[in-house]
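Morning, everyone. Please bring up the structure on your screens, and we will walk through it together.

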Amino acid sequence: MTKQIVLLAALAALSASAFAADTTKPSAKDHAKVSHAKVSHAKVAAKAAPKKVKVADVRCPVTGDKIAAASLSKSLKSTYKGKTYYFCCPSCKPTFDKNPAKYSKS
């Protein structure tokens, strides 16, 4: 019976030390690894993000008129070969869509 108590006490001590090891805080080295991973992921996401269009450069491909920044969200648009084209008026979009190669610079 005393051997069983000694074995149970030893087992309890081992369990307690194993549990204590699992609940420790990560070291500074572990934290640096996680921070580095977040930074690397952010760099990859930034490279994969599409380029923003300069508002001053947005022109209707049909007429060449500038399109105001305020009207871009309301403006009609078409996509051709992965590039988005904005139009100054409703009549330019169908003209572009009939022959996009003629009006695109790509």
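Let's begin with a term. A residue is called buried when its relative accessible area is under 20%. Over 50% it is exposed, and in between it is partly exposed. Keep those cut-offs in mind. And note that this is a predicted model.

So how much of the protein is buried? Of its 106 residues, 14% count as buried. The accessible surface of the protein is about 8800 Å². Carbon and sulfur atoms hold 63% of that surface.

Now the layout. The protein has 4 helices and 2 strands. Along the sequence they follow the pattern α-α-β-β-α-α. Next, contacts between residues at least 6 apart in sequence. Of these, 31% join residues at least 24 apart.

On to the loops. Find Ile 67, in the loop between helix 2 (28–48) and strand 1 (77–80). Is Ile 67 buried or exposed? It counts as buried, because its relative accessibility is 7% and the cut-off is under 20%. Now look from Ile 67 to Phe 87. They are 20 residues apart along the chain, yet their C-alpha atoms are separated by 7.5 Å.

Move to the loop between strand 1 and strand 2, where Lys 81 lies. Here the backbone deserves a look. Most residues other than glycine have a negative phi. Lys 81 is not a glycine, but its phi is positive, about 50°. Lys 81 is also exposed, with a relative accessible area of 65%.

Rolling a probe the size of a water molecule over the atoms shows where empty space is left. The largest pocket in this model has a volume of about 440 Å³. It is lined by 14 residues, and the closest to its centre are Asp 57, Arg 59, Lys 83, Thr 84 and Tyr 85. Which element gives the most to that lining? Strand 2, residues 83–86, with 4 residues. By type, the lining has 7 nonpolar, 3 polar and 4 charged residues.

Now helix 3, residues 92–98. How many salt bridges does a search of the whole structure find? The count is 1. The side chains of Lys 93 and Asp 97 form it, at 3.0 Å from N to O. Why can these two pair up along a helix? Asp 97 and Lys 93 are 4 residues apart in helix 3, so about one helical turn separates them. Asp 97 is partly exposed, at 40% relative accessible area. Lys 93 is also partly exposed, at 22%.

Last stop, the end of the chain. Ala 101 sits in helix 4, residues 100–103. It is partly exposed, with a relative accessible area of 45%. Ala 101 and Tyr 80 are 21 residues apart in sequence, and 8.4 Å apart in space, C-alpha to C-alpha.

Ser 104 lies in the segment after helix 4. Ser 104 is buried, because its relative accessible area is 10%, and the limit is under 20%. What does Ser 104 touch, leaving aside neighbours within four places in sequence? Tyr 80, Tyr 85 and Phe 96. Two of those names have come up already.

Notes:
Residues are numbered from 1 along each chain as its sequence is written. This is a predicted model: local features need pLDDT of at least 70, side-chain atom pairs count only at pLDDT 80 or more; totals for chains, interfaces and linings use all residues. Side-chain values use heavy atoms; hydrogens and water are left out. On a 1 Å grid over the protein atoms alone, a cavity is a set of points where a 1.4 Å probe fits but cannot get out, and a pocket is an open set with protein on both sides within 12 Å along at least five of seven lines; lining residues have an atom within 4 Å of a point. Grid points are joined across faces, edges and corners, and a volume is the space filled by probe spheres set on the points. Ala, Val, Leu, Ile, Met, Phe, Trp, Tyr, Cys and Pro count as nonpolar, Asp, Glu, Lys and Arg as charged, and the others, Gly among them, as polar. Buried means under 20% relative accessible area, exposed over 50%, partly exposed in between (1.4 Å probe, protein chains only). Contact means heavy atoms within 4.5 Å. Accessible areas come from the Shrake-Rupley method with a 1.4 Å probe; for residues, only the protein chains shown count as cover. A salt bridge is a side-chain nitrogen of Lys or Arg within 4 Å of a carboxyl oxygen of Asp or Glu.
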